[in-house]
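Subject: Structure for you to look at

Hello,

Here is the structure I promised to pass on. Please open it next to this email and follow along.

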Amino acid sequence: MSGVVDDGVSAVALDMPSSRLPGFHRRSVDARWRELAQRGDVSPEELRVLRALGAPSFDVVNQMIENAVGVFALPLGLGLNLTVNGRDHLVPMAVEEPSVVAAVSFAAKVVREAGGFTADADPSMMIGQVQLTRYGAPEVARERVLAGREQLLALANSFHPSLLRRGGGARDVQVRILPAPEGPQGEPLFIVHLLVDTQEAMGANLINTMAEGVAPLIEQLTGGRVFVRILSNLADQRLARASCRIPVDALADFDLPGEAIAEGILQASRFAEADPYRAATHNKGVMNGIDAVAIATGQDWRAIEAGAHAYACRLGRYGPLSRWTLEQGHLVGRIELPLALGMVGGATQVHPGARLGLKLLRVSDVRELAQVFASVGLAQNFAAVRALGSVGIQKGHMALHARCVAVTAGARGLDVERVAQLLVERGSVKVETARELLASFQEGPSP
C-alpha cells in the first residue's frame, strides 16, 4: 500500500514504515510534514507541535523547572536510513551542530545496504549506593549487611510495590570496601549497592527513594552511620551494544578504493585505543548522535554522558567506546556503553516534543530504545572516522557549516543554498565572503 504526496515524491508504504526517504532533505518543510502525516507517524495535533519545534507551552515549562522565564528551542531533525535488528527507525535528533543529522543519515545508509546494525541491551538494572561510616570491623559489617539481604530487599520493595508487581524491583545487595582516599590512616569506604530492575523507567527517583529508605536498616544491622545514599550514573549493569559489518569494497569514496578508506578507519581506531587525548574526541563523536536523540526523546542526557565517560575508564585509563577491526574482507564496528533510558516518567510524560520523539522512533520497549541509541552512536562514529582517515573532517563539515554562515550574513530563502555553494567552491566559508556574495547578487548577475 503506497501513496504519492503532492510534491510528486513517492510516500513510504504505510503498512511497512521505512527509514529510507531519498531526497528528504531537499524537500520543502511543508512536504516533509506531509510525508510524516501520510505515513501515520504524526497526527494533526502533533504536527502543530512539530511546527513549534516541539516547544511546550509556558505553563508546562513553568511546572518542569524553577524560575522559568521562557522556552529555549533546538533544531529538530530526522536521522534517516537506520535499520536495527531488521527494523527501520526514524530517529528524532535535537541538535544545533549542522553535521550531526547528515552524518548519521549517511552512515546509516551505508550500513543499511550492508545488512543494517545488530544490537542488544541488558535488562534495566540500576545501582543505588549507600555509604556507611563508623561501622567497626569491615568484614563483620559486611557479614551483617549480607545476612540482612532479604530484609533489605523487602524493605526497598515496600517503597514501590507497583514496580514489584510489574516484574521489577530490588533484586540484590552487594558490599564494596574501598581504600580510604586519605591513605592507610583513613577509614576504608564501606559502600552498599542496591541493585534494582527499574523496568521501563530510567529509575533515578525510584533508586533514590529505595536507597534512602533502607539506610536506617543498614545502620541498625551494623551500628554504623549512613551519609550519602543515591543512585550511581555508572549504569554498568545496564549496557547496550551494537555492531555492523561493511564489505570493504562498499567503502570506496573520495576517489579512493575501499581498502584505503578501511585502512584510515582502522588507524583512527588504533589511535583512540592508544591515546586518551584522541579517545576523548572519538567518544565526543559517539555522543554527538546519542545526546541529540536523548534530548529529542526527553532522556537525562547528562546522566548518559556521565555514565558513558566513566565506563570509558573501566580498564584503568580512558579509552574509546567503539572499536573498528578488519575481519574477512569486512570492516567491523562494535560499541558498548551504559544507557540508562526511560519510556515512562519525567519529561517523557510531560514534554509534548519528547512524547512525539518516542512515537517517531517506533520502539516497543526501553531495551529496544537502548539498541537504537547504541546504533546511532556507532553510526555517528563511523561517519567521523571515515572522514578522519581519508579526506579530513572539514570537507564534510564545510558544506553544512556554509549554510549557517550564509544565514549569519543575512541570506534568506533560496539565497542560502546559493551563497553556501559559492562559499564552498571558493574555499572561503566566512561571513565576510558571504556578505560580499549577497551584495554582488543585488548589483548584477550572479558570479
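First, a term: pLDDT is the predictor's confidence in each residue, on a scale from 0 to 100. You will need it, as this is a predicted model. The chain averages a pLDDT of 88, and 90% of the residues score at least 70. Take care over residues 1-16, where the pLDDT is below 50. That stretch still has 32 contacts in the model beyond near neighbours in sequence.

Now the sheet. Strands of a sheet pair through backbone hydrogen bonds, either parallel or antiparallel. Here, four strands form an open sheet in the order β3-β8-β10-β9, and the pairing is antiparallel. Its edge strands are β3 (118-121) and β9 (322-327), each of which pairs on one side only. From one strand to the next, the twist averages 15°.

Look at β3 and β8 (residues 239-247). Four bridges join these antiparallel strands. Find Thr118, and you will see its bridge partner in β8, Ser243.

Next, helix α9 (residues 258-274). Helix α9 packs on the sheet and touches β9 and β10 (330-338). The direction of α9 makes about 135° with that of β9.

Last, a charged residue. Arg278 lies in helix α10, which covers residues 276-296. Is Arg278 buried or exposed? Arg278 is buried, yet has no salt bridge. The nearest side chain of opposite charge is Asp275, 7.7 Å away. A salt bridge needs a distance within 4 Å. Leaving out residues up to four places away in sequence, Arg278 touches Phe271, Ala272 and Leu388.

Best wishes

Technical notes
Residues numbered from 1 in each chain as written. Predicted model: local features only at pLDDT ≥ 70, side-chain atom pairs only at ≥ 80, totals over all residues. Heavy atoms only, no water. Helix = DSSP H or I, 4+ residues; strand = E, 2+ residues; numbered from the N terminus. Buried < 20%, exposed > 50% of the residue type's maximum accessible area, 1.4 Å probe, protein only. Lys, Arg positive; Asp, Glu negative; His and termini not counted. Contact = heavy atoms within 4.5 Å. Pairing = 2+ DSSP bridges. Axes fitted to C-alpha atoms, helices over the stretch in contact; angles between N-to-C directions.
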